[in-house]
Amino acid sequence: MLWLFSGLFAPLPSDSRYGAILAIAVVAVLRDAGVAPFASIPLPQNRRQVPQDVLQRDLPRGAARFGFELGTGVRTFVSATAPYVVAVALLLANEGPLVALLTGLGFGLGRAATPLLRYASGAGEPWDERLRTRLRAITVSASGLSAVAFLVLAG
Amino acid sequence: MNDAARRWATDPLLPSLGFGCVALVAAASWPVLTWAMIGGLAGYSLSGSV
């Protein structure tokens with residue numbers, strides 16, 4: 001969807017589009033790092049959880065519904081700014097459908113990494129605690145490394 | 001794999017570093033891969049949400 005609308009921005013110079021992406025990425029880093037006043041910028045989201053009973057009524061259909069609602073943001077809590085930076089970047093960069101597709105696949109890989117790593121640790125609850133203590137570093141590094149990557153891509 | 005090695009290999013920060021390193025290394029030659037890794041960073045950054 002974002003790639004479809006990205007054509008609207010194609011007439012703008014590439015430098016301007018990537019400049020805007022970088023500016024938004026920097027704001028994201030400051031927001032995720034808790035720097036005022038950026039820390040108080042609200043993220044658009046539907047702050048509701050998917051009810052657990054969707055999994056109890058019909059597991060395969062419930063799992064599909066859970067994944068759809070979570071993955072598309074119909075009902076989810078968004079705890080990081082990086083996804084919005086990526087969405088804006090895809091919209092402004094106008095890089096082509098393959099880039100949009102692979103970015104989406106990469107997003108899915110990133111989402112899958114959490115439960116996979118937790119399972120691989122063999123100790124779920126201690127791993128959860130380690131994740132909790134590293135969450136700020138994870139969110140800040142996501143937006144920060146993305147900003148650096150966009151800077152190199154713009155070059 | 002002993003416990004210490006397993007603990008290191010499954011550190012929650014590792015995916016962030018992995019995605020980030022590949023994104024930056026690939027940026028000059030394979031920008032499409034960089035975009036995919038940026039997507040990975042964004043997806044993994046939601047580890048704290050449901």
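1. Arg132(A) and Glu129(A) are three residues apart in helix α7 of chain A, which means that about one helical turn separates them. Helices here are DSSP runs of H or I with at least four residues, numbered from the N terminus. An α-helix has 3.6 residues a turn, so residues three or four places apart point the same way. The two side chains form a salt bridge, with their closest N and O atoms 2.6 Å apart. The term salt bridge denotes a side-chain nitrogen of Lys or Arg within 4 Å of a carboxyl oxygen of Asp or Glu.

2. The model is predicted: local features need pLDDT of at least 70 and side-chain atom pairs count only at pLDDT 80 or more, while totals for chains, interfaces and linings use all residues. Residues are numbered from 1 along each chain as its sequence is written, chains are lettered from A and ligands numbered from 1 in the order in which they are written, and side-chain values use heavy atoms, with hydrogens and water left out.

3. Buried means under 20% relative accessible area, exposed means over 50%, and partly exposed lies in between (1.4 Å probe, protein chains only).

4. A second pair, Arg130(A) and Asp11(B), meets in a salt bridge at 3.7 Å, N to O. This pair crosses between chains, from helix α7 of chain A to the loop between α1 (3-9) and α2 (14-26) of chain B. Arg130(A) counts as buried because its relative accessibility is 9%, and Asp11(B) counts as buried at 15%.

5. Asp11(B) also forms a salt bridge with Arg134(A), where the closest N and O atoms are 2.9 Å apart. This pair too crosses between chains, with Arg134(A) in helix α7 of chain A. Arg134(A) is partly exposed, with a relative accessible area of 22%.

6. The contact between the chains (heavy atoms within 4.5 Å) takes 48 residues from chain A and 32 residues from chain B. The area buried between them is about 3,500 Å², and carbon and sulfur atoms give 73% of that area. Buried area is the accessible area (1.4 Å probe) that two parts lose on being put together, summed over both.

7. Helix α2 of chain A (residues 14-32) has 19 residues and reaches 27 Å from its first C-alpha to its last, close to the 27 Å expected at 1.5 Å a residue. The expected span is 1.5 Å times one less than the number of residues. Among the buried residues of this helix are Arg17(A), Tyr18(A), Ile21(A) and Leu22(A). The buried residues of α2(A) pack against α5 (82-93) and α7 (124-154) of chain A, together with α3 (31-44) of chain B. Just after α2(A), Gly34(A) takes a positive phi of about 80°.

8. Phe5(A) lies in helix α1 (residues 2-6) of chain A. Phe5(A) counts as partly exposed because its relative accessibility is 45%.

Conventions
Helices (H or I, at least four residues) and strands (E, at least two) are DSSP runs, numbered from the N terminus.
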